[in-house]
Amino acid sequence: MNADKIKFIEFMIESDVLRFGDFVTKSGRNTPYFINTGNYKTGHQLNTLAKYYAKLIKDTLGDDYDAIFGPAYKGIPLAAGVASCLDEVYGIDKPYFFNRKEAKDHGEGGMTVGYKPVDGDDIIIIEDVITAGTAIRETMPVLKACGNVNVKDMFISVNRCEVGQNPEKTAIMEVNEEFGIKVHAIVDVKDIYEFLKEKEEYKQYIPLMEGYMKKYCIF
């Protein structure tokens with residue numbers, strides 16, 4: 001595991017975003033680790049997080065896309081922060097936009113705020129994590145309602161590598177097959193597991209992580 005991944009995991013722990021204990025995910029699974037990106041709450045944390053995303057996007061796509069979409073709610077500050085860091089660090093100035101949970105019937109109206117996509121645009125999605133793939137299935141109709149846009153890539157902070165609706169495939173595999181979207185993560189559950197193995201203070205979570213990964217993860 002490279003130094004950037006180690007630093008990112010440490011950053012999540014320091015920000016109280018990555019926790020270890022006994023939790024239940026949105027999909028109803030008991031898990032020994034939990035990721036709550038809602039706990040990022042300072043300007044420094046957002047800037048640091050966005051720079052990790054920006055580097056991953058730059059290394060993966062360069063500037064070969066037209067706009068950045070952040071699904072409400074957690075994706076909104078992510079998209080804004082990433083757009084800012086791409087410009088600040090790499091000189092890549094891309095527009096961003098996000099959706100409303102409810103359509104606005106006054107003012108400019110509509111379901112999205114910010115950039116207005118046009119037919120043929122290549123849109124990238126910025127999200128926090130994927131567990132069961134529910135959020136992306138809610139997001140795609142919003143994007144398709146904007147026009148005949150292409151969505152080929154999605155960027156997340158952590159790939160949990162968990163099975164989705166099909167017990168033989170991860171949620172990310174399902175998203176790729178269903179929508180043709182490649183999902184890119186800053187780190188995955190194996191990185192977190194390897195990190196814990198090197199830390200004496202987390203040794204009690206090693207067997208719990210192993211059991212969880214054996215039950216729910218596909219590599």
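1. Helices (H or I, at least four residues) and strands (E, at least two) are DSSP runs, numbered from the N terminus. A pocket is an open set of points on a 1 Å grid over the protein atoms alone, with a 1.4 Å probe fitting at the points and protein on both sides within 12 Å along at least five of seven lines; lining residues have an atom within 4 Å of a point.

2. The model is predicted: local features need pLDDT of at least 70, side-chain atom pairs count only at pLDDT 80 or more, and totals for chains, interfaces and linings use all residues. Residues are numbered from 1 along each chain as its sequence is written, and side-chain values use heavy atoms, with hydrogens and water left out.

3. The largest pocket holds about 710 Å³ of space, a volume being the space filled by probe spheres set on the points, which are joined across faces, edges and corners. Its lining has 30 residues, and Lys26, Glu127, Asp128, Val129 and Ala135 lie nearest the centre.

4. Two or more lining residues of the largest pocket come from each of strands E2 (30-35), E4 (96-104) and E7 (129-130) and helix H4 (134-144). H4 gives the largest share, six residues.

5. By class, the lining of the largest pocket has 13 nonpolar, nine polar and eight charged residues. Here Ala, Val, Leu, Ile, Met, Phe, Trp, Tyr, Cys and Pro count as nonpolar, Asp, Glu, Lys and Arg as charged, and the others, Gly among them, as polar.

6. The second largest pocket has about 170 Å³ of space. Helix H2 supplies the largest share of its lining, four residues. Four lining residues of this pocket are nonpolar, one is polar and four are charged.
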